[in-house]
Amino acid sequence: MDDDSPYPRWEQRTEIPLFLASLLFLGAYAARVLAVGMPSFWRDVCVYTNIALWLLFAVDYIVRWRLFGGRFLRFARTHFLHTVVVILPLLRPLRIVPLYDAIQHRQGEPRLSLHARVIAYASLSTLLLGFAGALAVYQQERGAPGATMKTFGDAVWWAAETISTVGYGDITPVTTGGRAIAMAMMAGGLALLGAVTGSFSSWLLQIFSRESDTKPPES
């Protein structure tokens, strides 16, 4: 799609504000989950903030669909990440690749190499996914009968185990919602860590190949 068409222009203008809105959504959700003794007024503020921001994300999704044109199912299929983050707005911060592109359209050419960008994107996405997953699973597991996840620290430790696919088994979700979150995090962790290790390996091979090409031949 051409950069001068309505869809790319909309994406460039809204990606940064929507990313900031997604961080606010994550912060309000974290306050609801972690601040157990929060006064009811501020808890309501967090709830309404989450609802308002989710509606904002939904409006953005509809506008993108209308600007894209074509049938809704085709748009949902070709813009899978957009569809996922409007259903699960906690994952909205994972859209850091379009955010970086929007910033570069304003500042000029990318300053990082392709390998460095992939590693940075995937590493930051892993941290965001781990934090969001820890919050979500802690909300599901807290107070559940037979739960081994007693504190948010336990949830963070479990998230690190799950994303890295180590799985010590010392902490395991016992609720249906917690297990569903675990499956999603395992799939996401495999994809993100695979991107990091694959890019790092490719970068090393590129360096070794460059050094071998510049090495003077032995006499």
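Predicted model: local features only at pLDDT ≥ 70, side-chain atom pairs only at ≥ 80, totals over all residues.
Axes here are lines fitted to C-alpha atoms, for helices over the stretch in contact, and the angles between their N-to-C directions run from 0 to 180 degrees. Helix 1 and helix 2 pack with their axes 9 Å apart, at an angle of about 160°. Angles over 145 degrees count as roughly antiparallel, so helix 1 runs roughly antiparallel to helix 2. Their crossing is left-handed.

The protein chain averages a pLDDT of 80, and 74% of the residues score at least 70.

| Helix | Confidence in the chain | Mean pLDDT |
|---|---|---|
| Helix 2 | highest | 93 |
| Helix 5 (residues 96-107) | lowest | 54 |

On to the inside. The largest nonpolar core has 36 residues, and Phe-57, Leu-90, Leu-135, Ala-155 and Trp-158 have the most contacts within it. At least two residues of this core come from each of helix 1 (6-34), helix 2 (40-68), helix 3 (72-78), helix 6 (114-141), helix 7 (152-163) and helix 8 (176-214).

What does Phe-57 touch, leaving aside its neighbours within four places in sequence? Phe-57 is in contact with Leu-18, Ala-21, Ser-22, Phe-25, Val-86, Pro-89 and Arg-92.

One of those partners, Val-86, is also among the buried residues of helix 4 (residues 80-87), along with His-82, Thr-83 and Val-85. The cover over these buried residues of helix 4 includes helix 1, helix 2 and helix 3.

How values were computed:
Residues numbered from 1 in each chain as written. Heavy atoms only, no water. Core = buried A, V, L, I, M, F, W, Y, C linked by side-chain atoms within 4.5 Å. Buried < 20%, exposed > 50% of the residue type's maximum accessible area, 1.4 Å probe, protein only. Helix = DSSP H or I, 4+ residues; strand = E, 2+ residues; numbered from the N terminus. Contact = heavy atoms within 4.5 Å. pLDDT = per-residue confidence, 0-100. Parallel < 35°, antiparallel > 145°, perpendicular 65-115°, else oblique. Left-handed = near helix turned anticlockwise from the far one by under 90°.
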